[in-house]
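Dear colleague,

Please find below the structure that I am handing over to you, together with its sequence. My findings follow after it.

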Amino acid sequence: MELKMNDTIRTILERRSIRQFKGEQIPKDDLNTIIEAGIYAPSARNLQPWHITVIRDESLIEEVEHEIREYMLNSDNEDLIERAKDGTRTIFHKAPTILLVSGDESNAYMKGDCSNVLQNISLAAWSLGIGSCYIGMGNMLFQTDRAEEFVTRLEIPKGYKSYCWISLGYADGTMPIAPERKDGVVTYIE
Ligand SMILES: Cc1cc2nc3c(=O)[nH]c(=O)nc-3n(C[C@H](O)[C@H](O)[C@H](O)COP(=O)(O)O)c2cc1C
């Protein structure tokens with residue numbers, strides 16, 4: 001299929017989930033641009049029911065990582081236990097910047113709207129040469145005994161709930177290949 005190519009389409013097609021990052025931090029002006037792109041996402045009735053917590057404190061990222069790993073190790077889920085034991089796999093992929101998108105629990109479209117923010121973030125980041133990876137597993141933090149403490153420390157607003165995390169940083173290693181697309185997911189009625 002012949003595609004009409006431009007910078008936006010190229011960014012969408014070439015963005016991949018990055019799970020190996022360089023240690024180098026991303027510049028603040030790039031981060032601010034990415035966040036601005038994030039909050040320019042569409043939202044139902046323009047309620048903008050989101051909040052973004054930016055975490056660049058290495059020791060806090062390590063603490064959250066450790067807490068989740070402990071939770072996984074102490075769970076009764078064999079898969080989680082194996083993943084936590086695997087020293088080559090980390091939750092946040094050692095990214096230097098982590099964002100947590102939380103959303104207004106009372107808003108019926110919160111998940112869709114927060115997903116729009118994350119999508120804008122991942123595409124804006126890639127357009128600036130910055131890799132990203134959604135980290136749904138980060139939400140296990142709020143199943144631990146210290147959930148309330150982290151809600152406070154991460155400054156999640158009252159009435160908001162963690163929706164999804166996203167790691168940001170410069171990609172390292174070989175670029176992942178795009179997973180194959182499923183067939184039969186489009187119906188044209190013309
Ligand atoms: C809601 C959501 C949660 C995800 N959670 C994780 C995660 O916890 N860890 C991870 O490494 N990747 C996570 N991913 C990334 C997916 O595995 C990835 O998008 C998928 O394999 C397709 O690869 P691509 O992003 O390179 O196209 C998540 C993606 C989404 C949309």
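The notes below cover the sheet, a helix pair and the surroundings of the ligand. Please bear in mind that this is a predicted model.

The sheet. Four strands form an open sheet in the order β1-β2-β4-β3, and their pairing is antiparallel. Strands β1 (50-55) and β3 lie at the edges, each pairing on one side only. On average, neighbouring strands of this sheet are turned by 25° against each other, direction ignored. Strand β2 (residues 97-104) and strand β4 (residues 160-169) run antiparallel and are joined by eight bridges. Within this pair, Gly-103 stands opposite Lys-161 in β4.

The helix pair. Helix α2 (residues 28-39) packs with helix α5 (residues 110-127) at an angle of about 145°, and their axes are 7 Å apart. The crossing of α2 past α5 is right-handed. On the α2 side, the contact involves Thr-33, Ile-34, Ala-37, Gly-38 and Ile-39, which meet Val-117, Asn-120, Ile-121, Ala-124 and Ala-125 in α5. The residues of this contact comprise seven nonpolar, three polar and no charged.

The ligand. The residues around the ligand include Arg-16, Ser-17, Arg-19, Cys-164, Pro-176, Ala-178 and Pro-179. Cys-133, Tyr-134, Ile-135, Gly-136 and Met-137 are also among them. Strand β3 (residues 131-135) contributes the largest share of this shell, namely three residues. By class, eight residues of the shell are nonpolar, two are polar and two are charged.

With kind regards

How values were computed
Residues are numbered from 1 along each chain as its sequence is written. This is a predicted model: local features need pLDDT of at least 70, side-chain atom pairs count only at pLDDT 80 or more; totals for chains, interfaces and linings use all residues. Axes are lines fitted to C-alpha atoms, for helices over the stretch in contact, and angles run from 0 to 180 degrees between N-to-C directions. Helices (H or I, at least four residues) and strands (E, at least two) are DSSP runs, numbered from the N terminus. A crossing is left-handed if the near helix is turned anticlockwise from the far one by less than a right angle, and right-handed if clockwise. Two residues are in contact if their C-beta atoms, placed from the backbone, lie within 7 Å. Ala, Val, Leu, Ile, Met, Phe, Trp, Tyr, Cys and Pro count as nonpolar, Asp, Glu, Lys and Arg as charged, and the others, Gly among them, as polar. A residue is near a molecule or strand if its C-beta atom, placed from the backbone, lies within 6 Å of it. Two strands pair if DSSP finds at least two bridges between them.
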